[in-house]
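Subject: A structure for you to look at

Hello! Here is the structure I promised to pass on to you.

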Amino acid sequence: MDLTFTSDQQAFRKEARAWLEANVPAEPLASFDSKEGFEQHREWETKLHAGGWAMVPWPKEYGGRGADLLEWLIFEEEYYRVGAPGRVNQNGIFLLGPTIMEYGTDEQKARFLPKMASSEEVWAQGWSEPNAGSDMANIQATAILDGDEYVINGQKTWASRGAYAHWLFGMFRTDPDSKRHHGLTFILCPLDAPGITVRPIDKLNGKPAFAEVFFDNARVKAEHRLGPVGEGWGVAMATAGFERGLMLRSPARFQHTAAKLKALYVETVAQGVFVDPSMRDAVARCWMDAEAYALNTYQTVSRLLSGGKIGAEASLNKIFWSELDIRMHELALDLLGERGELLPSAPAAKGVGDWLEGYIFALAGPIYAGTNEVQRNIIAERILGLPRK
Ligand SMILES: Cc1cc2nc3c(=O)[nH]c(=O)nc-3n(C[C@H](O)[C@H](O)[C@H](O)COP(=O)(O)OP(=O)(O)OC[C@H]3O[C@@H](n4cnc5c(N)ncnc54)[C@H](O)[C@@H]3O)c2cc1C
């Protein structure tokens, strides 16, 4: 594999860097888990979209830049390098968008993708239910066809950004007599439809990061079904592949954290603080792992560009990045010592950065996008060929 960037790719990087440096907000935006921050992030998305940077690998007609996935990786590197805001519509642009490209009709592509690219419509993912988390095949919510509408009943939970999102994509049982992963259908639901109630769930910090969504005879147009009736499981597995394998967490995110960790280590040593030599090795290990993840992703993308697909190896990626993220944040807190527990607003918090907040979020990495235990089951069965329990 040739890891040299072409002159076109180098020019693309230069253009992306110049635009981001000129446009990224000087001050960090409020958290997108607050109403104020959610709207600030949407405004930022509008700006990205107007500049043609909202979703670089999408076709121009759908609000993209018409670039390829290698250029997307380059863009992500530049995006994290300048510390640009998190992507409030990540469930849409990174997960549902590619799924609509693969399974959507032309009408659905034209209806949903441009408004997703501009974040005029922000999406939530409605897969988990109170009794269907890891065991997603246990989904109970039903969608029964009545004329040209589905009548939906049931409950979804843990929908990130659900408190303020406009639409939700989810799986529903369209055949009430079906079992497990059969008889499920992937449906796109407007969250303002009559019969849908959104109840925000606060995180420990008081911000509504999630929502539970109740469907009481909610009516959704049948034309919002994505993919074939009863075959939602296959469609959802494509979405999960994008989530775990590539789009949700690009390597640039972890390379950026590794670079910050290295800088923190250098600064701590320069201040004359005693640092156990084993920590130097641990920092170097994290930095190398972030690089290894990046190289592995370049290889995956090259394979995709030659017509390949993301398979069960997405589970390996997901375990790798989520565990690396925790390790990096734990190390940073160790380097900071007792100061690591200070909130950024504390008077003595200069230089402490956002490691504590990052650590708390990193702890969720092995849970969201399918728990790491479940990923290990997938690896055991589908990559190693071990017998099912
Ligand atoms: C930050 C965050 C964001 C999220 N965002 C969303 C979202 O936007 N949309 C959405 O639908 N969901 C979302 N979720 C929910 C997430 O997908 C679920 O929490 C996850 O799938 C686990 O389901 P559960 O919580 O019901 O735990 P359970 O499935 O009850 O699992 C409990 C424990 O048992 C283990 N376990 C379960 N089954 C097995 C098995 N077969 N083998 C070995 N171990 C097993 C699990 O690994 C876990 O440790 C989010 C979660 C978090 C933390």
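A residue counts as buried when its relative accessible area is under 20%, and as exposed when that value is over 50%. Please keep in mind that this is a predicted model.

Is threonine 239 buried or exposed? Its relative accessible area is 0%, so threonine 239 is buried. You will find threonine 239 in helix H6, which runs over residues 232-245. The side chain of threonine 239 also makes a polar contact of 3.0 Å with the side chain of threonine 99.

Now turn to serine 7, which sits in helix H1 (residues 7-23). Because its relative accessibility is 57%, serine 7 counts as exposed. If you want a sense of distance, pick out arginine 87 as well: serine 7 and arginine 87 are 80 residues apart along the chain, and their C-alpha atoms are separated by 28 Å.

Next comes the ligand. How many residues surround the ligand? There are 16, and the closest are Ser128, Ser134, Trp158, Thr371 and Glu373. By type, this shell is made up of seven nonpolar residues, eight polar ones and one charged one.

- Serine 134 has a polar side-chain atom 2.6 Å from an oxygen atom of the ligand.
- Serine 160 has an N or O atom in its side chain that is 2.7 Å from a nitrogen atom of the ligand.
- Threonine 371 has a side-chain N or O atom 2.7 Å from an oxygen atom of the ligand.

On its own, the ligand has 970 Å² of accessible area, and the protein covers 63% of that.

Finally, a word on the second largest pocket, whose volume is about 270 Å³. It is lined by 15 residues, and those closest to the centre of the pocket are Met1, Asp2, Leu3, Phe5 and Tyr298. Which helix gives the most to this lining? That is H8, with five residues. Helix H3 (69-81) and helix H8 (277-305) each supply at least two residues of the lining. Sorted by type, the lining of the second largest pocket has seven nonpolar, five polar and three charged residues.

Enjoy exploring, and write back with any questions!

Best wishes

Definitions and conventions:
Residues are numbered from 1 along each chain as its sequence is written. This is a predicted model: local features need pLDDT of at least 70, side-chain atom pairs count only at pLDDT 80 or more; totals for chains, interfaces and linings use all residues. Side-chain values use heavy atoms; hydrogens and water are left out. A residue is near a molecule or strand if one of its heavy atoms lies within 4 Å of it. A polar contact is a pair of N or O atoms within 3.5 Å; within protein, one must be able to donate a hydrogen and the other to accept it, and residues adjacent in sequence count only if both atoms are side-chain atoms. Accessible areas come from the Shrake-Rupley method with a 1.4 Å probe; for residues, only the protein chains shown count as cover. Ala, Val, Leu, Ile, Met, Phe, Trp, Tyr, Cys and Pro count as nonpolar, Asp, Glu, Lys and Arg as charged, and the others, Gly among them, as polar. On a 1 Å grid over the protein atoms alone, a cavity is a set of points where a 1.4 Å probe fits but cannot get out, and a pocket is an open set with protein on both sides within 12 Å along at least five of seven lines; lining residues have an atom within 4 Å of a point. Grid points are joined across faces, edges and corners, and a volume is the space filled by probe spheres set on the points. Helices (H or I, at least four residues) and strands (E, at least two) are DSSP runs, numbered from the N terminus. Buried means under 20% relative accessible area, exposed over 50%, partly exposed in between (1.4 Å probe, protein chains only).
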